[in-house]
Amino acid sequence: MDSDGAVTCGRWLRRPENLNLVVLAKSSSRRRSSSAAAKSTIEIFSYDSETASLSSSPLVRSVIEDGEAVSIAAHPSGDEFVFSSSSGDCLLLKLSGQETDMNLLSEELPSLQGVGVQKCIAFSVDGSRLATGGVDGHLRIFEWPGMRVVLDEPRAHKSFRDMDFSLDSAFLASTSTDGSARIWNASEGVPVTNLRRNSDEQIELCCFSQDGTRPFLFCTMQKGGKALTGVWDMGTWDKIGHKKLLKKPASTISTSFDGKYLALGSRDGDLSVVEVKKMEFRQYSRRLHPGTPIASLEFCPSERVVLTTSPQWGPIVTKLTVPKDWKEWQLYMLLAALFLGSAILFYMFFLASDSFWNPPGPKIKTFIPDPRTTEDVFGPLDL
């Protein structure tokens, strides 16, 4: 893969027919060119599921005219994404064409021009909301694509650290650099609650469960010098408990699209993958990005693969060694085998019986007379 430029962040783009692309933001600080005119770029790469790797060169590249990308949010449709830049603007990029002839069309977002650096940016799961959280603590929620303002809160936090939408797109969780966390109603644009925490707890990152049956909010936190992952119940917003899943503090967190796995990237480059149902380790990759924090982390939309990025080591695609999921055709094959087995057993049962209505076993005598006999079992009857 082209290594020209330090990768600042990356995201998966889910295209039709389970075609997955990767968008990477690259900084001009490490470009080979010594020209002062070298600029940062947004690049799209194809993903090969057989080799679990990205293409050696980008399918398309777009130059960032001012500043460099800080964060990227991909729309669930996979047709467009928004990135925030260090210049204080946000820009919309739309994909057009096929993989062999792809183009990126840029559009300005007037409501997000000159708003300052946006540390966090996210689309809701249903794609109807766009939220941004600034370094200055300003929270904005818009309807998408109309950009009608749902919430404009200048004092949401001291400074944003992380944010995430719930699976039903009803709530937005956000965390601050001062260790606090808040829950917002994303539809009505009003605050719901502040997450309760002890005086020695500092909440850092947040991520909602995605399986639809366990309405939880996961948050990484620091407690007495220990790096922990806490779980909050979305019904009451009370903390259920916490567990140590990393040796050092987490720098990023993500859940798989089916909600079965939770992944955390550490500040020293480790990757931890946990099964949500049991909260047990399923994979631990030590020093995946040696000596540097993992900047971005995301599960592949259709495979057990994780994309991680860091400025020093760039993008790394990791194939997870977790139990394979049942495919749809495998389930149909299992049902067909069960039906065929039942049919064979029934046929064998039928062959072993004297007749369909007489299964094998001891015969039971009845008091029903045989019409073929001429003997009157009741004798003469006087009417």
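**Close-up views of a predicted model**

View 1. P145 lies in the loop between strand 12 (139-143) and strand 13 (149-153), where strands (E, at least two residues) and helices (H or I, at least four residues) are DSSP runs numbered from the N terminus. This is a predicted model, in which local features need pLDDT of at least 70 and side-chain atom pairs count only at pLDDT 80 or more, whereas totals for chains, interfaces and linings use all residues. Residues are numbered from 1 along each chain as its sequence is written, and side-chain values use heavy atoms, with hydrogens and water left out. The peptide bond that leads from W144 to P145 is cis, its omega being near 5 degrees. M147 is found in the loop between strand 12 and strand 13, and its phi is near 65 degrees, a positive value in a residue other than glycine. Most residues other than glycine have a negative phi, and most peptide bonds are trans. With a relative accessibility of 14%, M147 counts as buried, a term that stands for under 20% relative accessible area, with exposed meaning over 50% and partly exposed the range in between (1.4 Å probe, protein chains only).

View 2. The strands follow the order 14-15-16-17 and their pairing is antiparallel, two strands being counted as paired if DSSP finds at least two bridges between them. At the edges are strand 14 (160-165) and strand 17 (190-194), each of which pairs on one side only. Within the sheet, strand 15 (residues 171-176) and strand 16 (residues 181-185) run antiparallel and are joined by 5 bridges, and the bridge partner of F171 in strand 16 is N185.

**View 3. S169, in the loop between strand 14 and strand 15****.** Although S169 is not a glycine, its phi is positive, at about 65 degrees. S169 is also buried, its relative accessible area being 5%.

**View 4. S310 and its surroundings.** S310 belongs to strand 27 (residues 305-310) and, at 0% relative accessibility, counts as buried. Its side chain reaches the backbone nitrogen of W313 at 3.2 Å. Once the neighbours within four places in sequence are left aside, S310 is in contact (heavy atoms within 4.5 Å) with V7, H289, T292, P293 and A295.

Terms used:
A polar contact is a pair of N or O atoms within 3.5 Å; within protein, one must be able to donate a hydrogen and the other to accept it, and residues adjacent in sequence count only if both atoms are side-chain atoms.
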